[in-house]
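Welcome! Take a moment to look at the sequence and the 3D structure, and then we will walk through them together.

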Amino acid sequence: MRRHPTGKTLGRLLVGGYIVIYLIFVLFPILWLLLGSLKSRYESLLMPPRIIFEPTFLAYEKLLFGGLLHTFGNSITIALINVLLALVFGVPAAYALSRMRGSVRKNVSFWILSIRMAPAFGVVLPIFVFMRSLNLLDTITAVIIAHLTINLPLAIWLLLGYFDELPQDIEDAALIDGANHLQVLWRVLLPVSRPMLIAVALLVFVFSWNEFLFAFILTSSEAQTVPALIASLAGTMNFDWPLMSAISVSALLPAFLVVFFAQRHITEGLTLGAVR
Amino acid sequence: MAYHPSKRHPIRRLARFPIGFLLPAVLVLAAIVLFPTLYLLWLSVRHWIVFQPQQYFTGLGNFIALFRSSAFWESLRVTGSYLLLTSLLSFAFGLGLAISLSKAIFARGVVRALIILPLLVPPVVAGFAWKFLLNREIGLVGGYLFPALGITVSLLAHPTLALVSIVIADIWSKTSFMFLILLAALQSIPVELYEAARIDGAGARQEFLYITLPLLVPAIIIGLIFRAIDAINTFDLIFVMTQGGPGTATQTLSIFGWKTAFTYFDLGRGAAIAVVMMVLAVITTLFLTKRLQR
């Protein structure tokens, strides 16, 4: 049976048009940010806004030499340490959970799922009080700990799902041959889990890099992260639009790298394990 | 910790699981999540304003004060409208994208990557990018396009339009989430169902209504609940764009809680707001896990 040919063409046009309009909606704000970062301060205030202008790198120079670069250092350090900690604690825990049956597994995994659902504001408020009494406010330690509250459950949840799917025959063989669980994890499981480990590492990095509320409440200057810097500049009255655009464009880099080089690996993680 | 050997693999009875595998993570989570949560509950029944010397037990005082304040109900209403608008619209757009992308189209990989991109963009940057576009003085849309069309109102300073603006930015940021969930669900529908329907003479509309949609329902529910919880918690995007303003027009529960705890320094009241948010999230989570277990 053949469909009505004109109906099909119309359908295709609608689909194509919808996607094109959506992509413009997605890309335009980013493109405009990029253009904005290449303008001079004077040019950024002109009305109507110029689309063609002589690009300048003044904003990026200000970013590099204006005493703001430490926020990037903080963000990278916090994110990398979170990747390390989430994997070191998360991998063995996920392995143990995935090979357990019964109530322990069920209760622990329900608890971990519910942590992910907890309002961040409710988590950061008590952490703020603790950090204040420990004199850890405005240190990257405080932010690292706060981010781990999200990243560790995320890592365990994703790895648990992955380990559940792996065939257990090789593990069983290794166990019969007298290997212990640590050896099985290290020699058998981890080598075949590399894609998932990469995915978890990327997601944890991106989460830490993007996170704002914890970093904003726990830091003020020394340990400020990039998102906190953007928000604090956006809150001032004296707008330096090109500088803020330049910082925003730089903050976008991990997103671009991940989406174009590792898209395949992270889909499950991006949906928080809802898709499996 | 008891280790129950599974029936499928009798061999594993030999190997007891070392508790050392699970314990470190559980201890870390207990220290950084469980303990703070309990402390939050404790805070919520305390009268404690930073920089004021007296601190005392007030029972449900914080909650009663909260439920009596119009600001609380106002922010609950704003949270509700924001939640409904953003989850339903991101669902509608996400479904459209998922259906389009489940068909063979030109450069599907690149298009998919571009659609996912906003989900990885820091929400602070998303908020700033939209603020930059919508700004009344220098924004391309708010300062040039809209005035050229005769709309001279400042978008982010108008109560209703400010809410619409943050919803648009949120849709920009989070539609990809719905898209990914729905695309995965669409791709898991067996092709045979459509073939059988076609043999029976079903048209495209019937296929959608009687095969696609019913099979998507679980994914739609999961996606909507995740989005709803996410909307309850959204802080960054709103903070950058409006800080809850103008007035309290975009003040959601998380902005209200932040203001109470960190600009009025009323930690007890702030904790009470967090507890209310937590209760909302727990109700949603229970609902979700019930659905998942079905």
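The notes below go from the whole assembly down to single residues.

This is a predicted model, so please read every value as computed. In it, 83 residues of chain A are in contact with 83 residues of chain B. The largest nonpolar core has 171 residues, and both domains of chain A give residues to it.

**How the two chains meet**

- Start with the contact between the chains: 83 residues on chain A touch 83 residues on chain B.
- On the chain A side, helix α1 (residues 5–37) supplies the largest share, with 13 residues.
- What kinds of residues make up the side of chain A that touches chain B? They divide into 65 nonpolar, 15 polar and 3 charged residues.

**Chain B as a whole**

- Chain B has 12 helices and 2 strands, and along the sequence they follow the pattern α-β-β-α-α-α-α-α-α-α-α-α-α-α.
- Chain B is more spread out than a compact globule, because its radius of gyration is 24 Å, well over the 19 Å that the globule rule gives for 294 residues.
- Of the 294 residues in chain B, 42% count as buried.
- Looking at contacts in chain B with a separation of 6 or more, 67% are between residues 24 or more positions apart.

**A helix to check by hand**

- How many residues does helix α4 of chain B have, and what should they span? Helix α4 (residues 108–120) of chain B has 13 residues, which should span 18 Å at 1.5 Å a residue; the end C-alpha atoms are 19 Å apart, so the two values agree.
- The buried residues of α4(B) are Arg112(B), Ile115(B), Ile116(B), Leu117(B), Pro118(B), Leu119(B) and Leu120(B).

**The nonpolar core**

- The residues with the most contacts inside the largest nonpolar core are Val124(A), Val143(A), Ile156(A), Leu159(A), Val200(A), Ile230(A) and Leu182(B).
- Helix α7(A) gives the most to this core, with 18 residues.
- The core lies between domain 1 (5–59) and domain 2 (60–270) of chain A, because both give residues to it.
- Leaving aside neighbours within four places in sequence, Leu159(A) is in contact with Gly90(A), Val91(A), Ala94(A), Met196(A) and Val200(A).

**Ala118(A), a residue in a loop**

- Ala118(A) is in the loop between α5 (103–117) and α6 (120–133) of chain A.
- Is Ala118(A) buried or exposed? Ala118(A) counts as buried, because it has 24 C-beta neighbours inside 10 Å and the cut-off for buried is 20 or more.
- Beyond its neighbours within four places in sequence, Ala118(A) is in contact with Val123(A), Met278(B) and Ala281(B).
- The C-alpha atoms of Ala118(A) and Val104(A) are separated by 21 Å, and these residues are 14 apart along the chain.

**Backbone details to look for**

- Met47(A) and Pro48(A) are joined by a cis peptide bond, with omega about -5°; Pro48(A) lies in the loop between α2 and α3 of chain A.
- Gly245(B) and Pro246(B) are also joined by a cis peptide bond, with omega about -5°; Pro246(B) is in the loop between α10 (236–241) and α11 (253–263) of chain B.
- Asp138(A) is not a glycine, yet its phi is positive, near 60°. Asp138(A) sits in the loop between α6 and α7 (140–165) of chain A and counts as partly exposed, with 15 C-beta neighbours inside 10 Å.
- Phe51(B), in the loop between β1 (46–48) and β2 (55–57) of chain B, has a positive phi of about 75° although it is not a glycine. Phe51(B) is exposed, with 5 other C-beta atoms within 10 Å.

Notes
Residues are numbered from 1 along each chain as its sequence is written. Chains are lettered from A and ligands numbered from 1 in the order in which they are written. This is a predicted model: local features need pLDDT of at least 70, side-chain atom pairs count only at pLDDT 80 or more; totals for chains, interfaces and linings use all residues. Two residues are in contact if their C-beta atoms, placed from the backbone, lie within 7 Å. Helices (H or I, at least four residues) and strands (E, at least two) are DSSP runs, numbered from the N terminus. Ala, Val, Leu, Ile, Met, Phe, Trp, Tyr, Cys and Pro count as nonpolar, Asp, Glu, Lys and Arg as charged, and the others, Gly among them, as polar. The radius of gyration is taken over C-alpha atoms; the globule rule is 2.2 Å times the number of residues to the power 0.38. A residue is buried if 20 or more other C-beta atoms lie within 10 Å of its own, exposed if 12 or fewer, and partly exposed in between; C-beta atoms are placed from the backbone. The expected span of a helix is 1.5 Å times one less than its number of residues. A nonpolar core is a set of buried Ala, Val, Leu, Ile, Met, Phe, Trp, Tyr and Cys residues joined through C-beta atoms within 7 Å. Domain bounds come from an automatic or database domain assignment.
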